[in-house]
Amino acid sequence: MPYLPSMPTRSIARTVAIFCLLAIASQNGSAQTGSAQTAPSLSIDQDGLTLGHPELGASALHSPTEGLWSIGTGWSENASTAWHHGQPDHVERRGPWSIATGTVSTVDGVWEIRDSYRVTPQGLVQAKRRWHYSGEKPSGPVVLSVRFVVDSADGATLQPFLPGINYYGNPSGTRIDASRVPTWSGRPGEAALYEEHRYPLPFAAVERTGEAVAALHSRPSRLPFAARADLWWSLGLVAGDGTVEMTLRSGPTASNGRRGVVKARQTMFLPYEDAHLVDIPPGAIIEKEFWLQFAPAPNPGHGFRLPLWTSIDLFDPRTDRSLPRPADVMAAKMNDTFDRWHEDDHCAGFRTRPPGSNPWIMMGWADRAEVAPRALLKMDLQPYTDQPDKWKRRAADALDFLTSAPTRKAPYGDGFPIVYDYQLHRWLPRQNPLSQAQTLHAMVDAITETDHPHRDQWMRFVATHLDAIADRILNTDWRPVSTNEAFAIAPLVKGSGYASNERWMAAAIKLADHTIERHLDMQEPYWGGTLDARCEDKEGAWAALQGFAALYRATRDPRYLRAAVHAGDVCLSYLYVWDVTLPPGRLADHDLKTRGWTGVSVQNQHLDVFGVVFTPTYWELADWTGDERYRQLAKIMFVSCGQMTDLATGVQGEQLLQTNYQQHDPRDVVEGMRGDYAEQWNIYWITAHFLTAAADFEKLGVDWRSF
């Protein structure tokens, strides 16, 4: 019999499920954050704004001491040369709203300001700020702002969380190469300000470790009267002496100790100058909507989850009829798969690189040659080809070839090469634990989902390498470099269930427990799952989520469900929940909706379709936690990422440029980057992830065509 714990009876299963929900709910920012929160206390008067919380004593979020309102004028070295401040002259209540009005005098003239605030049932403070310029002539350079301060309170650590950009200071990316990632030291005066369209979820948060979380949410928007083209509000943090300011600014950016820069290429920042307003005419009105959040966060490394789910609820991303039909996209992806078939006297398999690139059949990570045979063996091929039996045979032939890869020594122990060059007719000396684990996972799925007569042959290959992985993990001096080895948890668990191998399960548990201990408090956020971006990334979090979910399926141990929810929420922090307004270009040509796409990492900040492969696991999280929002997110991720697929050929490029970032462009300016599309790099993993998700949904009995 397969190695699986005895399954509980229905009553025991229900008890376990209830316990899991209670345990998850006890974690701050849990999957239940859509329910009403304890109301914060809001105070506004002539001394500014204070936002407290009954569970946090005297601790509060507040406006700066110099004033509720701050306006910068002049411009030199990518910053305002003078700041002018003001406090409310008058505060009144109108129903649930508190309205504060006043003025700020500048060198150009007076600005009349009106703020409106109300506390929502969800425990947020909804706000709108209105600036009315009443000067007598057009203004010079101006920077408008929204500023609120978090104090450290008894020396507690203040840690940043900027979705898709900075995770508790990006400690791993900073240590490896600080020039490639946004950094944060917390030294007084340090600023981390980024364009709103760079944020998958538009909020800047500060976790006061073990105590509280504060967040500033915004409704992203472009700015009028801009001194440079395509200027948006910037959002982020500024460090003070024992404080961190959460702020919106009308354009200026800063990162890594430099002002007027943006993370624009894979290895560098580029200038972003003249990011301010100018020539604002008398009588002009500018408005900005935002939300404030301040709440208890008793569990270190979990505070980000409360503003995360708040942002998801605020923007509520869903599918609609403007998005592609999943059946059409899958038909195109199947055509792409069929077009990549290669067979000669030496090999049989699916080419994974674009035409004109490397003549490779490559397993794991970016190419995923092992996914096509698994999906073709699992799925009904009748809708896609009039020769389904031929493609089933070819899928088996491909697995026959891939499992003939030789065993070789590597820095990580025994392993197999992941690249076959079909022009040189040889396996290349390339291997890494991440790609090997991903490959074995797809192979285990293929083996367990079919009764093909060759599956024992395939399993011998898989068992050889799961043995080697287990030996490495169970060694007393084992310690993985990053989160990437967590990709081995799922194949070890599934392989154990198929082959009744308790040693593989023991290795999976040790690896999962190590991942929990090392990463759940976010002192070392999940990282290293993207081979060309050794930093905090969504793929590292996905490695953990996939592994924790596999262990929870097998053991029903609530520890692994709690860990899966945490890793899953980190993955969601890379998910765009709103539609970025795009400039003229390839993306605008297709009226691209950015909601449902994921950013890559804190280093590579373009969009990609990677999140598609998460979607069946989020479907299961909805079942396991009772939170239907995971299911809604799974749908939008699966459907939205079909955009930009050429339905005639199945071709879809890897890199969509929603922000001022382009991975391989040699230009030295950011102008013209945003809105473009790297269509030519249509590497096979893009198609493979759709096939994986469809096959996984079918295993769950879910009709993905109806999304």
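Author: The side chain of R394 is placed over the face of W391, 4.8 Å from the ring centre. R228 is likewise placed over the face of Y272, at 4.0 Å from the ring centre. A charge is taken to sit over a ring if NZ of Lys or CZ of Arg is within 6 Å of the ring centre and within 35 degrees of the ring normal.

The model is a predicted one, in which local features need pLDDT of at least 70 and side-chain atom pairs count only at pLDDT 80 or more, while totals for chains, interfaces and linings use all residues. Residues are numbered from 1 along each chain as its sequence is written, and side-chain values use heavy atoms, with hydrogens and water left out.

A pair of aromatic rings is described by the distance of the centres and the angle of the planes. Rings of Phe, Tyr and Trp (for Trp, the six-membered ring) pair if their centres lie within 6.5 Å; planes under 30 degrees apart are stacked, those over 60 edge-to-face, and the rest tilted. Searching the whole structure on this basis gives 33 aromatic pairs. One of them joins Y576 and W578, whose ring centres are 6.3 Å apart and whose planes meet at 35°, so the pair is tilted. Both Y576 and W578 are buried, where buried means under 20% relative accessible area, exposed over 50%, and partly exposed in between (1.4 Å probe, protein chains only).

Another pair is formed by F638 and F690: the centres are 6.3 Å apart and the planes are at 65°, so this pair is edge-to-face. It links distant parts of the chain, as F638 belongs to helix 15 (residues 629-640) and F690 to helix 16 (residues 685-700), 52 residues apart. Helices (H or I, at least four residues) and strands (E, at least two) are DSSP runs, numbered from the N terminus. F638 is buried, at 3% relative accessibility, and F690 is buried too, at 1%. Ring pairs also build a cluster from W309, W542, F610, F614, Y618, Y630 and W685.

E66 occupies the loop between strand 3 (60-62) and strand 4 (69-73) and is partly exposed, with a relative accessible area of 35%. Beyond its neighbours within four places in sequence, E66 is in contact with H85, G86 and R147, contact meaning heavy atoms within 4.5 Å. The side chains of E66 and R147 are joined by a polar contact of 2.8 Å. Such a contact is a pair of N or O atoms within 3.5 Å; within protein, one must be able to donate a hydrogen and the other to accept it, and residues adjacent in sequence count only if both atoms are side-chain atoms.

H465 belongs to helix 8 (residues 455-474) and, at 3% relative accessibility, is buried. Residues up to four places away in sequence aside, H465 touches T407, G415, F416 and L440.

Q662 lies in the loop between strand 32 (655-656) and strand 33 (677-678); its relative accessibility of 13% makes it buried. With neighbours within four places in sequence left aside, the contacts of Q662 are A264, R265, L657, R667, M673 and D676.
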